[in-house]
Every structure is written in structure tokens, then in C-alpha cells.
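Trainee: I have a new model open and would like to go through it. Can we start with the ligand?

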Amino acid sequence: MANSAEPRPAVAHKSDRLEGTIRIPGDKSISHRAFMFGGLASGRTHITGLLEGEDVLATGRAMQAMGARIEKQNDEWIIDGVGNGCLLEPEAPLDFGNAGTGVRLTMGLVGPYNFKATFTGDASLSARPMGRVLDPLRQMGVQVEAADGDRLPVTLFGPTIAPPITYRVPMASAQVKSAVLLAGLNAPGITTVIEPVMTRDHTEKMLTGFGARLDVETDADGVRTIRLEGQGQLQGQTIDVPGDPSSTAFPLVAALLVPGSCVVIENVLMNPTRTGLITTLTEMGAEIEIINPRVSGGEDVADLRVTASKLTGVIVPPERAPSMIDEYPALAVAAAFADGETVMEGLEELRVKESDRLSAVTNGLKANGVDCTEGEASLRVRGAPGGKGLGSDQASAIVKTHLDHRIAMAFVVMGLATEHPVTIDDSAMIATSFPEFMDMMTGLGADIRLVEEAI
Ligand code: S3P
């Protein structure tokens, strides 16, 4: 499925109000890490609320291939880990499908092992840059064979003993930070990661929970220095994965845009490194009530009551980008209905996601009548309140999703509020992160139909 051999086009029509209560599936970032750290730790890990999307399952299969025992009993995933430093050499290439987080973090985890491991993925993943993770691994003495431009397939072979390194992350990337820290787990001494711009901190929090010795210092400019002591023991944990704020973005924006809607979204992760979209939409005039805030498994969690709202364009500060990096497709769609212009800057990382999201979003918006401008690392959207004139029945308006789940979901949401329908060329990839999306949305009242014939 992950290669989307059979595209499943879909069309979204202007819908009557959306109403109901939904529970978003588990956070993808935390789910990947739960499988990885559970598979690595000594003893047993219990996971509830895991995202059972294709991406996360690929990470689970990779951990199994390296010795972890993973099984599902009722609603709980149970993992018997190998113990830190004790992964086994995989007998076959590890196929990560569409999953950038899975492959980059696992390359970090496995790189320093003194064995050979090969990593593959689908067409989208094979086009994405891996040098950002391979460069620090090379500094640790890891031999790398990679396709042109440091792309997949990649084969790694670690040294007998990998030296710990100090690494300043050159771009705002939680995946790169995490890969270096995970490599440090199998290196003697202290691995240091300097993070000039804070990104999601799930690796730091969860590794600490599993018993790793890790400390974080933040200086007056917000630069974080993370130190990890290698070759320590990790111990199995019990993890309840909160709902994914990045998946939440789609029903949330849909409820804001479809007139008369009121939707409650339960159990949403509210870690401040992930809530930039809620901040931005609130500034645009969105009525999002945060109810029942609580702490669950060391993370802030809350329910959201979302009411259809009139939105106004805003300038989104570039420094907010890391806390909403996966949410720009949803925000761009919201901006297409706002009064005035929304300016989004600091978007260079969008070019290397599952697709070049900046151009995929711009092209989809333009094809459906939205007035917008793409810059090198920016997007300006001038909205049409009420979606008047937006959407199209023309074949030329079909949105190309480029094997990117978030492009697919963003444009399905758009079509629920545009005057004319919005069609996407493929909805199959949505299963990588949010398999329940279509059913959940139609359950709320969304008019979404699968198109029988491929387009
Ligand atoms: C993730 C980090 C982000 C994000 C991705 C998940 C993670 O990627 O876009 O969906 O779990 O660490 P980058 O590190 O490339 O910004």
C-alpha cells in the first residue's frame, strides 16, 4: 500500500455543518519512538493509543527484524526489547515505505552498530535527502553507501567502537537531532547535540522516561545543548500515546470552515513544540476552546471544542514554523477562506517533506481558484471568505498529491467548504498517518466520495 500502486482518487463536496465528537489516533512521532525505544530497551514495554498507520507499522517491522518481539493483545501493544547495544543484524533490507521519521531515526539508532543494514523506501522517501542524517553518522566512523545525492537505498556499516560526537544541527529538524542522540546511545561517553532552534522534544522526554541519562541546557538565546550518556541501560515502560496534533489539524480546520459546525476533538497532544497551528488559527479569529487540560504520561493533553468561525488573514512569524511544520498545508487551506492576506515565511523545510509541500500546496490552491504566491521559502494566500468561486469540476483542477498524505487531507478539507468540489488524484496515502480519516470525516457529516476510476 505504501507505494500507492493503486491510486484512489476522491472528491470533496460542499457539506452541511459538521457535528460530533471524535478521538484522533495516536501521535505519529511518539508512536514511532514508542516502537523504537520499546524494541531497544530491556524488559517489557506496554503501549496503548499507538497510531496504527503504515508509517509506524514499518518502524515496528524494522525493530522486529532486529530482534524485538512485538505483538498486539486487545488494545495494547506489547514489546520485549533486546537491551541497549544488542540489536541484531537485519537479514533483509529494512523497508520504511513513506516514513521519513522511521527511516531517519532508525538510521541513527543502527548506524554505529558494527554490522551491515540496508534501508529502502517508496518513491517519495527515495527522493528525500538523507545526507542530513548520514553526515553526523560519517563523523562517528560509519561507512555509508547511498544512491546519488545521499538518497535511499542506503547501506550503513558501523565501526567497532563509534566515538561520541558534538553536533550542531544545521536546520530546524527533530529527526536529525533525534538520529544523532539515538546514535549516541551506542557510543561510549557523552554525545552532545546543539539545537539552535527548538523542535519537538519527544526524543528527549521519552528517552529520559526509558532511563537514559540525558540533560538539556537552554541558553539566553534559546539555544539548547543536549547531552546524552551512551551505553546506559534502558528499561521498558508503559506508554499511553496522546492524539496527534498534526492529524487534528484537518478536522479542526474543516470544522472552522464549514458554516454551522461544532466538533469536539478529544485527547489532543498539547506539547508546546506542537501547538503553533492552534496559536495561529486563534490569531485569525478561530473559536477553539481548550477544555479539560490535563497531563497524561508526562505530556500536556486537552480536548478541543471547535466552532465554525470567520477568519482574518495574519502574518505568521517564521520562528513559529518548527511548532507547526506539518500543519502548513492545513493552514494554507484555512487561509484560502480568510478575509485578507495570510503570510507564511520560514518554510524552507517544507520543500523536503513527503513532497515539495510548498509547491504542491500552491499548485493545488491555484488550480482551485485561490489567489496565492509561492516564494523560495514563503507562501502568501489571499482568501475568498465563504469559498466563493473556489473549487472546480474541471479535470485540470485535480490536485496532485505526490504520495503525500497531508496534501491529500488538506485538499479534501478544502472541498468541504468551497463553492465547487475539490478532487484529489489519490487518497490512498492517507493511511500512512491517519487511516480513519475518511470515515471520521464522513461520520461528522462531510460529503467525501471515492472516485471509482483512476484519473
Ligand atoms: C518529526 C519531525 C519533523 C516532522 C515529521 C516528524 C519527528 O520532521 O515534519 O513529520 O517525529 O521527529 P523534520 O525533522 O524533518 O522537521
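Mentor: Start with R33: an N or O atom in the side chain of R33 is 2.7 Å from an oxygen atom of the ligand. A polar contact here is a pair of N or O atoms within 3.5 Å; within protein, one must be able to donate a hydrogen and the other to accept it, and residues adjacent in sequence count only if both atoms are side-chain atoms. This is a predicted model, where local features need pLDDT of at least 70, side-chain atom pairs count only at pLDDT 80 or more, and totals for chains, interfaces and linings use all residues. Residues are numbered from 1 along each chain as its sequence is written, and side-chain values use heavy atoms, with hydrogens and water left out.

Trainee: Which polar side-chain atom lies 2.7 Å from an oxygen atom of the ligand, besides that one?

Mentor: One belongs to S29. The side chain of D326 also has an N or O atom 2.7 Å from a ligand oxygen.

Trainee: How much of the ligand does the protein bury?

Mentor: The protein buries 95% of the 390 Å² that the ligand exposes when taken alone. Those areas come from the Shrake-Rupley method with a 1.4 Å probe; for residues, only the protein chains shown count as cover.

Trainee: Which residues are around the ligand?

Mentor: They are S29, R33, T101, A172, S173, A174, Q175, R200, I325, D326 and K353, where near means a heavy atom within 4 Å.

Trainee: And which helices supply at least two residues each?

Mentor: α1 (28–40) and α6 (174–184) do. Helices (H or I, at least four residues) and strands (E, at least two) are DSSP runs, numbered from the N terminus.

Trainee: New topic. Where is the cis peptide bond?

Mentor: The bond from L152 to P153 is cis, with omega near -5 degrees. P153 lies in strand β9 (residues 151–157).

Trainee: What about the phi of N267?

Mentor: N267 is not a glycine, yet its phi is positive, about 65 degrees. N267 belongs to strand β15 (residues 262–269).
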